[in-house]
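Dear colleague,

Please find the structure below. My notes on its domains, core and helix packing follow it.

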Amino acid sequence: MTSDEHPTPLPVEQLRDGIDALMQTVTSLLDDEASLATLETALHSHDALSDQLAVYTLDSSASDALQRIEHFITLQAGQYFKDYQATLEDQEKNQFISLFARQLLAVEGIGPATARQLFQSGIFTPEALYSLTPQTLEALELPPSTLARLLSLRDQPPS
């Protein structure tokens with residue numbers, strides 16, 4: 001028999017701890033005003049649980065749930081960024097965006113500079129970008145080269 005026929009059982013205690021950690025931080029984001037520390041902890045808890053589960057074949061509902069949680073964390077981080085970007089130094093903004101704009105950065109054609117411009121314009125996820133009309137996108141006061149690239153990306157179906 002191969003190891004594929006008898007997959008390693010899920011490490012229940014370890015998974016329970018990961019789920020509990022993620023639940024605590026997400027609950028904190030729901031119940032309290034978001035802080036940078038809470039947002040970072042939530043994302044790190046999400047990533048740790050995702051890493052643990054990556055070795056197993058998950059059904060689509062588990063994968064979808066993890067994606068929805070990451071989306072929620074990203075939106076909370078976006079709101080935090082909107083509220084506090086004036087108080088952040090450039091280096092802090094860059095670190096924040098590299099951590100929380102990874103969904104935007106995963107879109108081919110969007111790099112750190114474009115992700116920063118989108119974040120500063122209140123666009124935190126690819127879904128938000130793809131939902132914009134060309135007129136709304138043009139109103140964001142982006143550099144012409146960025147606008148042209150985003151308009152062409154917007155016309156392509158999200159992957």
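The C-alpha centres of domain 1 and domain 2 lie 24 Å apart. Domain 1 covers 11-87 and domain 2 covers 104-158, with bounds from an automatic or database domain assignment. Their contact (heavy atoms within 4.5 Å) takes eight residues from domain 1 and six residues from domain 2.

This is a predicted model, in which local features need pLDDT of at least 70 and side-chain atom pairs count only at pLDDT 80 or more, while totals for chains, interfaces and linings use all residues. Residues are numbered from 1 along each chain as its sequence is written, and side-chain values use heavy atoms, without hydrogens and water.

The largest nonpolar core has 37 residues. Such a core is a set of buried Ala, Val, Leu, Ile, Met, Phe, Trp, Tyr and Cys residues joined through side-chain atoms within 4.5 Å, where buried means under 20% relative accessible area (1.4 Å probe, protein chains only). At least three of its residues come from each of domain 1 and domain 2. Leu129 is among the residues with the most contacts inside the core; leaving aside neighbours within four places in sequence, Leu129 is in contact with Ile110, Leu118, Ile123, Leu137, Leu150 and Arg154.

As for helix packing, the axes of α4 and α6 (lines fitted to C-alpha atoms over the stretch in contact) come within 10 Å and cross at roughly 95°. That makes α4 roughly perpendicular to α6, a term for angles of 65 to 115 degrees. Residues of α4, including Phe96, Ile97 and Phe100, meet Ala115, Arg116, Phe119 and Gln120 in α6.

Yours sincerely

Terms used
Buried < 20%, exposed > 50% of the residue type's maximum accessible area, 1.4 Å probe, protein only. Axes fitted to C-alpha atoms, helices over the stretch in contact; angles between N-to-C directions. Helix = DSSP H or I, 4+ residues; strand = E, 2+ residues; numbered from the N terminus. Parallel < 35°, antiparallel > 145°, perpendicular 65-115°, else oblique.
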